[in-house]
Amino acid sequence: MSTKPLALSSNTIFKRADGQPLIIAGPCSAESEEQMLATARGLQAVPEVTIFRAGIWKPRTRPGAFEGIGKVGLKWLKTVKEETGLLTACEVATAEHVNDALKQGVDVLWVGARTTVNPFSVQEIADALEGVDVPVLVKNPVNPDLQLWLGALERLNRAGITDLAAIHRGFSSFDSRPYRNHPKWNMAYEFKKLLPEIPLICDPSHIAGKRSLLQQISQEALNLQVDGLMVETHCNPDVALSDASQQVTPQGLAQLLGSLEIERIPVTSTQNEEELSELRNLIDYLDNELINVLSRRSAVAKQIGLLKKENKMNLLQTGRWEQVMEQRLKAAAREGLEEVFVKAIFQEIHQHSLHIQAAAEPAKVAL
C-alpha cells in the first residue's frame, strides 16, 4: 500500500545539521530526583547527547512490577533541563499524560510500542495534541505490522504534528534469541523506503535486552543509515528499578559511541548507490541471522545425538531424513526457491548434524 506524503516541518530536531546521528539517552525509568540529576550530569560529559529521556509512566506486562513514578517525575525532568540545558523527552500513552507533560514543559514526546499497536489510543493522543507544536517520536508496534506504524504517524500528522520521527525498537516474536526483541531490519528498510522523509531512530536497548549486544545492534543500525540512537542510560544500572540489564552508565555510553563507525553517504551519491548500500547492509544482517540459526540448530543436533546414544539408537535414520528433505523441498517450492539449491544446502546441514551427533558427549560435572 502506498502512502500519501506527510506535511512535515523542514526544520526537524531529529536530524543533526552536521549529518552525525542524533543521540537520545537517559534512564528507562525516572526513579528519584537524585538519580535523574546524577545521570544527566554524567551525560553532560557526552557531547553527542542532545536529548535526555526518562520513562515517567511505565506500561508493564503484568501488575506488580514498577510502573513508573508518575507525574512527579515530570518536575525532575524540568530540573534536568534547567540544570543541564538538555532537551527532555518522555513517553505518553493517554491524553492525560500528554496534558501533564506539556504543562511541565517536556520538549519531546514519544508514543510507545504498546500504544502504537492500538489505533484508538493513538487517536486519543493525536486529539490531545491538536493545535500543539511539539516534536513526537513513534515507536514501532510490538508486532511486525508496518501499516500500524505508518498509521500512527499519519494520525499524528493529521492532528497538526509536523516534526515527527520513528523509533525502531524491535519486534516481539516467538523466539527472539539472542535479542529481547527481534530487530527485523527488513522492516526498518521497508519503512525507510515508504517514508524516506521521516527520520528513523534506532533503540538498541530494547532490541538487545542486555548490554553485551548494544554495540553490535547500534553498528548494524548505523549501517542502515538511521538518523540516530536512543540508548537507555542510568547512573547505576545494576540497581535500576526497570530493565537493569540493558542500561549503561554515561561513561559506558561514551565508550559505546566511540566504538561505532559512522559512515555517511556523500551528498553527491546517487539514489542507486544509496539503495545498493542499504541492500548490502541488509544482506549482512540476514547472513548474521543465518549463522545464528545454524548455531542454534547445531545445539539441538547435539541434544539429539546424546539422546540417541543414551537409548542406543542409530545415528542415521533414513526414513526420518527422507521425510525431512521432502518437507523442506515443498516449503522451498512455496517460496519460489530452486530445488537443486535448497537440496544441496540441506544435504550439507544434514551431514554436519550427523557429525555433531556422533561427537556428542555428556557434559562432565566437577565433583
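Guide: Start with accessibility: a residue is buried under 20% relative accessible area, exposed over 50% and partly exposed in between, with a 1.4 Å probe and protein chains only. The model is predicted, so local features need pLDDT of at least 70 and side-chain atom pairs pLDDT 80 or more, while totals for chains, interfaces and linings use all residues. Residues are numbered from 1 along each chain as its sequence is written, and side-chain values use heavy atoms, without hydrogens and water.

Visitor: Is Lys-309 buried, partly exposed or exposed?

Guide: Lys-309 has 35% relative accessibility, so it counts as partly exposed.

Visitor: With which residue does Lys-309 form a salt bridge?

Guide: Side chains of opposite charge can pair when their charged atoms come close. The cut-off is a side-chain nitrogen of Lys or Arg within 4 Å of a carboxyl oxygen of Asp or Glu. Here the partner of Lys-309 is Glu-361, with the closest N and O atoms 3.9 Å apart. Lys-309 belongs to helix α11 and Glu-361 to the segment after α13, so the bridge ties together parts 52 residues apart in sequence. Glu-361 is exposed, because its relative accessible area is 52%.

Visitor: How are the helices and strands numbered?

Guide: They are DSSP runs numbered from the N terminus: helices are H or I with at least four residues, and strands are E with at least two.

Visitor: How many salt bridges does the structure hold?

Guide: There are nine. One of them is formed by the side chains of Arg-180 and Asp-243, at 3.2 Å from N to O. Distant parts of the chain are linked by this pair, whose residues are 63 apart: Arg-180 is in the loop between β6 (164-168) and α7 (185-194), and Asp-243 in the loop between β8 (228-232) and α10 (250-259). Arg-180 is partly exposed at 35% relative accessibility, whereas Asp-243 is buried, with a relative accessible area of 16%.

Visitor: What separates Glu-326 and Lys-330 in helix α12?

Guide: About one helical turn, because they are four residues apart in that helix. Their closest N and O atoms are 3.5 Å apart, and the two form a salt bridge. Both ends are partly exposed: Glu-326 at 46% relative accessibility and Lys-330 at 48%.

Visitor: Now the sheet. Which strands make up the closed barrel?

Guide: Strands of a sheet pair through backbone hydrogen bonds, either parallel or antiparallel. Two strands count as paired if DSSP finds at least two bridges between them. In this model eight strands close into a barrel in the order β1-β2-β3-β4-β5-β6-β7-β8, with parallel pairing.

Visitor: How many bridges join β1 to β8?

Guide: Five, and the two strands run parallel. In that pairing Leu-22 is opposite Gly-228 of β8. To strand β2 (residues 49-53), β1 is joined by three bridges, again in parallel, and Ile-24 has Ile-51 of β2 as its bridge partner.

Visitor: Why is strand β1 described as largely enclosed?

Guide: Because five of the five residues of β1 (residues 22-26) are buried, the strand is largely enclosed by the rest of the structure.
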